[in-house]
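Colleague: Could you walk me through the aromatic contacts in this one? I would like to go through them pair by pair.

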Amino acid sequence: MDRCESTLALVDFEQMEQDGYSSGYESTPSDSESSTSTQKPQSNRLIPISYNSDPVKKKEKMSYRNTQALTEHLKVISSIPELCDVTFEVGSEKVKVHGVKAILGTRSRVLYNLILKKQREAEFQRKADKKDKKKTSVKSDKVIIVVKKYEQEDFRKIIQFIHSGSVDINSSCVAGLLCGASQFGLDDLERACWDFVNHSVKPGIISKIIPAAKRYSHHKTGQRLLEKIFSETQQSVEL
């Protein structure tokens, strides 16, 4: 599936001038400098501040990116517990899904606040154990978070996306991914999931999403998904 890209609002040059923003360029004096200071120059030619005409020096810098390799390596992180400092215990069987605190907190404000909360709770418990001489506390830097309302494989994919920015969406996991994206503030993933749903509006295809969507009916986004599926199904029947 093609990646959904967000559109960033651009600030025009005149607005940047008003805000005192430097664009990195200087203006050459206008031919109308002799006019009063209240008059705005009709046209200014923009030139770089540090312009270098030497063709040899121009080639001294080269930008190189290999995002595909980075993505593939970041996918592996959650499968190596020794490199991770956050453990999610998912579902009734408490299946362990691992993650890196720095990445989770940077990518999701919701997870950042949740991790901080769990760290404070753990520190408070350690202090309480110290006061109780009968208890022995074992200090650990690993944060443990219990996750009850997600399927193990769906949640693993959510954590994979947070770490690597890449995930495969299909009819069996789109409901879980959509709910996770909504809950954890992953706007780009949420848009991608809705895009997948919209492209699945065909008899025999969108119906495959229903079983997964029903498993997340307790989630507001899961309810929205079910409403959309039933609406689209009804329209196709009427046609």
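This is a predicted model: local features need pLDDT of at least 70, side-chain atom pairs count only at pLDDT 80 or more; totals for chains, interfaces and linings use all residues.

Colleague: Which ring does Phe155 pair with in the loop between helix H7 and helix H8?

Modeller: That partner is Phe184, and the two rings form an edge-to-face pair, with 6.3 Å from centre to centre and 75° between the planes. Because Phe155 belongs to helix H6 while Phe184 sits in the loop between helix H7 (174-183) and helix H8 (187-199), the pair ties together parts that are 29 residues apart in sequence.

Colleague: And Phe184, buried or exposed?

Modeller: Phe184 counts as buried, at 6% relative accessibility.

Colleague: OK, how many aromatic pairs turn up in the whole structure?

Modeller: The search of the whole structure gives 5 aromatic pairs. One of them joins Phe88 and Phe155, again edge-to-face, at 5.0 Å centre to centre and with 65° between the planes. Since Phe88 is in strand E3 (residues 86-90) and Phe155 in helix H6 (residues 152-164), this pair ties together parts that lie 67 residues apart in sequence. Phe88 is itself buried, and its relative accessible area is 1%.

Colleague: Which residues do the ring pairs link into a cluster?

Modeller: The cluster linked by ring pairs consists of Phe88, Tyr150, Phe155, Phe184 and Tyr216.

Colleague: Switching topic, what lies over the face of Phe161?

Modeller: Arg107 does, at 5.2 Å from the centre of the Phe161 ring.

Key. Residues are numbered from 1 along each chain as its sequence is written. Side-chain values use heavy atoms; hydrogens and water are left out. Rings of Phe, Tyr and Trp (its six-membered ring) pair if their centres lie within 6.5 Å; planes under 30 degrees apart count as stacked, over 60 as edge-to-face and the rest as tilted. Helices (H or I, at least four residues) and strands (E, at least two) are DSSP runs, numbered from the N terminus. Buried means under 20% relative accessible area, exposed over 50%, partly exposed in between (1.4 Å probe, protein chains only). A charge sits over a ring if NZ of Lys or CZ of Arg is within 6 Å of the ring centre and within 35 degrees of the ring normal.
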